[in-house]
Amino acid sequence: MKKRFALILAAALASSAILSACGGNQASETQDPAQETQTDAGGKSEAGAENTSGPKDEVVTMAIISSWDTLNIYNTSGNYGNAVADHMFERLVTRTHDGEILPRLATSWEMSEDNKTMTFHLADTALWHDGEKVTAKDIVFTCRAMTSELVDNYYRSAFNVLEGTNDDGIAENPESLGVEAEGDYTVKFTFKTEKDPDSVLNAFLSFLYVLPQHILDTGDYASINSSSFWSAPVGCGPFKYVKDTAGESLEMEAFTDYYQGCPDFKTLVVRVVPASNLTAGLLNGDIDVVAMGSIPLSDWETIKNSDQVVAASVEDYSYQYMQFNLSDGNQTFQDPKVRNAIDMAINKQMMVDQLMMGEGQVAVGPMPKYHPYYNENIVANTYDPDKAKAMLEEAGFDFGKEYLMLVPKGNQVREQSALLIQQDLQKIGVKVKIETYDFTTLLQMLREGKEDFGLLGGGSNIDPNESSVIVKPHDPRNYSLLTDPKWFELADEGASKVTKEERKEWYDAYQMALVEDQPYIWLYHQNNLWAYSKRLKEIPIEDFVWFNFESWKWKLAD
């Protein structure tokens, strides 16, 4: 007997005949829509609403505050790439704000009794934007390509759960990789060790964007990153690529043959808009949806009181942190006493109260207090500048040097928090110089160790292992360049456990070690202040925290 963990896209599959009226996508035989989904699966599905007339000739504009650096979804170095990828490409599953797993390309799945293999059944009506069928072979190709050391894959470590990969997610022999097609619409993943199904769904498959084998498989994985494909990608999501202006905007057109349902409007534009311009854009009609990056708190009352928009303050699982340059060549912050002293000197509650007007909470570690794996026993350092200064003096800290803090442009709260940190550290005699850069430039500077401090954010996953990548030695997301593996090893041990009870024991220890050693300064968890125009309805805005936009469900108000 196999354990059933997933959902049936009954309504969507039953509506496949309807989809043909929208764009001509002929459905093949589907499952019985009356088939019951087990409740422990954590999944549900809603079909795309009937749209027999095709998309309306209207433009919807979605605003984000910073640009994606590439349309190569596996080589983008920030979450803004996911803000465009979700519309053009497909994933097997995604999730709601509360972590409930939803189907995308997968209609159902099951984990084997020994927790070593997981089998996914795919929708059989999905098409690529060029009209070719999406099949299990595309998923096999994607996994083999993205685990090849010939491909520069920013997210490769997520694949290291698969049999045939090393700890970095590299498979030396693609043929031995633990992924295989069982027919056109079934794919099986085999893992190196027993896995908890939720950890697979949350940390791996929800970010497995499927790539088209028939276009990218040239027999040479090394050619994928440099392929002209990324200048005009062909996906299988609800919208297809039209054109883009680097760093400014991306225009997409409704894919009328989208297997989940025809989008309600013809054109979706993702536009980069400075946070300071979001409110004006919403009120004058230039922006329809704010998706990534909060509306400035100074404008929040205006937005909440406007009769033109729907406002939403959404708790999420992200965290903001200050990183240190912990490369082997920089000894300044290697002593945990120094890092803890810096932590004590920063008044984080002031950031929440003044900069966020209470729309957030002080961070004790990477997991907010409402996270299901939060360790209730951890205790944060108390704000105590006198003690902080004494600790630094005791540690022989160099007060004569001016320390450089790098801050990415675009997030006003982050930029303002940098000023507060600068002031707090000045009070204890630590001089800090702030420099701001665009996100792509800043990340490169951090990789080269050109800073002393840097302000960044993370948290794109409810899985407790999400933050481990920033403490994993040699991972491209470890911008502190730390080489001590002890924090990662605790998280990695937790990831290897099958039950929540076992996993939580290790993640409790992981959080405790992070608080004791402070390899990063955990600053705050900020609510997302988002809004959308009342010309739209059926916007799942709380789910945006997981880059789950479901834009094919957005409707133009009557």
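**Entry 1: Thr190**

I looked up Thr190 and found it in strand E8 (residues 186-190). Strands (E, at least two residues) and helices (H or I, at least four) are DSSP runs, numbered from the N terminus. This is a predicted model, in which local features need pLDDT of at least 70 and side-chain atom pairs count only at pLDDT 80 or more, while totals for chains, interfaces and linings use all residues. Residues are numbered from 1 along each chain as its sequence is written, and side-chain values use heavy atoms, with hydrogens and water left out.

Is Thr190 buried or exposed? I recorded Thr190 as buried, with a relative accessible area of 15%. Buried means under 20% relative accessible area, exposed over 50%, and partly exposed in between (1.4 Å probe, protein chains only). Not counting residues up to four places away in sequence, Thr190 touches Lys116, Thr117, Val161, Leu162, Glu163 and Gly178; contact means heavy atoms within 4.5 Å. I also noted that Thr190 and Met118 are 6.7 Å apart in space, C-alpha to C-alpha, and 72 residues apart in sequence.

**Entry 2: the chain as a whole**

I counted 15 helices and 22 strands in the chain. Of its 558 residues, buried ones make up 59%. Among contacts between residues at least 6 apart in sequence, 73% join residues at least 24 apart. The chain exposes about 21,000 Å², of which carbon and sulfur atoms supply 45%; the area comes from the Shrake-Rupley method with a 1.4 Å probe.

**Entry 3: the nonpolar core**

Which residues have the most contacts inside the largest nonpolar core? I found Leu92, Phe120 and Phe189, in a core of 171 residues. Helix H4 (residues 136-146) gives the largest share of this core, seven residues. A nonpolar core is a set of buried Ala, Val, Leu, Ile, Met, Phe, Trp, Tyr and Cys residues joined through side-chain atoms within 4.5 Å. In soluble globular proteins, nonpolar side chains tend to be buried together.

I then listed the contacts of Leu92, leaving out residues up to four places away in sequence; among them are Phe120, Leu122, Ile139, Phe189, Leu205 and Leu208. Arg104 is also one of the residues that Leu92 touches.

**Entry 4: aromatic rings**

I found 33 aromatic pairs in the structure. Rings of Phe, Tyr and Trp (its six-membered ring) pair if their centres lie within 6.5 Å; planes under 30 degrees apart count as stacked, over 60 as edge-to-face and the rest as tilted. Phe333 and Phe397 form a tilted pair, at 6.4 Å centre to centre and 40° between the planes. Phe333 lies in the loop between strand E14 (319-324) and helix H9 (336-344), and Phe397 in the loop between helix H11 (385-394) and strand E16 (402-408), so the pair ties together parts that are 64 residues apart in sequence. Phe333 is buried at 0% relative accessibility, and Phe397 is buried at 9%.

I noted one aromatic cluster formed by Tyr74, Trp109, Phe120, Phe159, Phe189 and Phe204.

I also looked for charges over rings, which requires NZ of Lys or CZ of Arg within 6 Å of the ring centre and within 35 degrees of the ring normal. Arg95 lies over the face of Trp546, at 4.9 Å from the ring centre. Arg477 lies over the face of Tyr154, at 5.5 Å.

**Entry 5: helix H11**

Which residues of H11 are buried? I found Ala388, Met391 and Leu392. They cover an arc of only 100° around the axis, which puts them on the same side of H11; the arc is that of the directions from the helix axis to the C-beta atoms. An α-helix has 3.6 residues a turn, so residues three or four places apart point the same way. Asp386 and Glu394 are exposed on the other side of H11. H9 is included in what covers the buried residues of H11. Gly396 follows H11 and has a positive phi, near 75°.

**Entry 6: Lys472**

I located Lys472 in the loop between strand E18 (453-458) and helix H14 (486-495). Lys472 counts as buried at 6% relative accessibility. Leaving aside neighbours within four places in sequence, Lys472 is in contact with Ser157, Asn160, Asp167, Asp168, Asn478 and Phe488.

**Entry 7: positive phi**

I recorded Asn115, a residue other than glycine, with a positive phi near 60°. Asn115 sits in the loop between strand E5 (106-111) and strand E6 (117-122), and is buried at 6% relative accessible area.
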